[in-house]
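Please read them with the structure open.

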Amino acid sequence: MKKASKATPYLYLIPIVVLFGVLLVYPIMAVISYSFASNVIVTPKSEFVALANFAKVFGDVKFWKAFWNSVEFSLISIVFHMVLGMSFALMLNSKLINPRLRGVIRALYILPWTFTVSIVAILWRLMLNNSGIINQLIGSNTDWFGTRAYAKWAIIFVNIWCSFPFYMISILAGLQGISPSYYEAASIDGASGVKSFCHITLPQLRPVLISLSMLDFIWSMQQLSLTYITTGGGPAGSSETLGTFTYNLAFSKYKFSLASTSALMIMAVCLFVAVFYVKQQRGDHA
């Protein structure tokens, strides 16, 4: 039998390397090159403009409004995802709830996460419009997605509602990985439930919570679909995020060079957080 060459295993990687290059590396390199050129895609010839596109984007008040909206959206979502995820995970991990009932409750709580973003957005647009069920219940006539004062907060609420089950399940998995012996020892020493939570549960869940927070920030900063379907960034830019700002530059105004520059900013922010995420993961597995 002929002995396989040392290079043989690497040959099996060729298909995935090609796909990786075509679907990920090439688009990223193209966006980077577009950000340093003018009138890309819409004209046959483009010119190298160095940092002119960056100056235009950074000098645009709408960009900074979208940037801070995205940061606010991400940070508020992280806080409520962690708080709600932890609260429901602790409840589902409690021995006070019947195991069969616990399974039913878990299935009900995870339902929002099973819906696609488009379905969630359409459902909440129907419920939060002038004549929607929410207004009928509270006796109001507010168009929550169509009012400048409420549009951004309505999107944040919907995002928290549809995403928190993922964090609940992740934290629940972390809770079930904590050895009961820690709590037994704490109980023998007379520690209260609050002290056990602060000195056992939180330290044991620290790697999980940090990882989830970083991932949540990255996902939230890139969020586009929910905002675009519900408000499109309006009214009057009140709910504009980096995602909708970039999308509108590219596909409404056809300014692909500026859109590429804006997209590069999103990538830079997410990459910055991703570096810390990778370091944290390596530290946990060291």
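Predicted model: local features only at pLDDT ≥ 70, side-chain atom pairs only at ≥ 80, totals over all residues.

1. Glu 72 counts as partly exposed, because its relative accessibility is 25%, which falls between the 20% limit for buried and the 50% limit for exposed. Its partner in a salt bridge is Lys 152, with 2.7 Å between the closest N and O atoms. The two residues are 80 apart in the chain, Glu 72 in helix α4 (residues 61–93) and Lys 152 in helix α8 (residues 151–176), so the pair links distant parts of the chain. Lys 152 has a relative accessibility of 16% and therefore counts as buried. The structure holds one salt bridge.

2. Glu 240 is buried yet forms no salt bridge. Which side chain of opposite charge is nearest to Glu 240? Lys 62 is, at 6.7 Å; the distance is beyond the 4 Å cut-off, which means that the pair does not count as a salt bridge. Side chains of opposite charge can pair when their charged atoms come close. A polar atom of the Glu 240 side chain does lie 3.4 Å from the backbone nitrogen of Phe 245.

3. Surroundings of Glu 240. The residue sits in the loop between α11 (225–230) and α12 (242–251). Leaving aside residues up to four places away in sequence, Glu 240 touches Lys 65, Ala 66 and Asn 69, as well as Gly 232, Gly 233, Phe 245 and Asn 248.

4. Gly 234 and Pro 235 are joined by a cis peptide bond, with omega about -10°, and Pro 235 lies in the loop between α11 and α12. Ala 236, in the loop between α11 and α12 as well, has a positive phi of about 55° although it is not a glycine. Ala 236 is exposed, its relative accessible area being 66%.

5. Another positive phi. Ile 41 is not a glycine, yet its phi is positive, at about 70°. It is found in the loop between β1 (37–38) and β2 (47–48). Is Ile 41 buried or exposed? With a relative accessible area of 54%, Ile 41 is exposed.

6. The largest nonpolar core. This core has 44 residues, of which Ile 171, Leu 205, Met 221 and Leu 242 touch the most other members. At least two residues of the core come from each of α3 (52–58), α4, α8, α10 (193–221), α12 and α13 (256–284). The largest share, nine residues, is supplied by α4. Ile 171 touches Met 82, Gly 85, Met 86 and Ala 89, together with Leu 205, Leu 209 and Leu 212, when residues up to four places away in sequence are not counted. Apart from this core lies another, of 13 residues, among them Ile 156, Val 158, Ile 160 and Cys 162.

7. Helix α5. This helix (residues 99–114) has 16 residues. From its first C-alpha to its last it reaches 22 Å, close to the 22 Å expected at 1.5 Å a residue. Arg 102, Ile 105 and Pro 112 are buried in α5. What covers the buried residues of α5? The cover includes α4, α6 (117–127) and α8.

Technical notes
Residues numbered from 1 in each chain as written. Heavy atoms only, no water. Helix = DSSP H or I, 4+ residues; strand = E, 2+ residues; numbered from the N terminus. Buried < 20%, exposed > 50% of the residue type's maximum accessible area, 1.4 Å probe, protein only. Lys, Arg positive; Asp, Glu negative; His and termini not counted. Polar contact = N/O pair within 3.5 Å; in protein donor to acceptor, adjacent residues only side chain to side chain. Contact = heavy atoms within 4.5 Å. Core = buried A, V, L, I, M, F, W, Y, C linked by side-chain atoms within 4.5 Å. Expected span 1.5 Å × (residues − 1).
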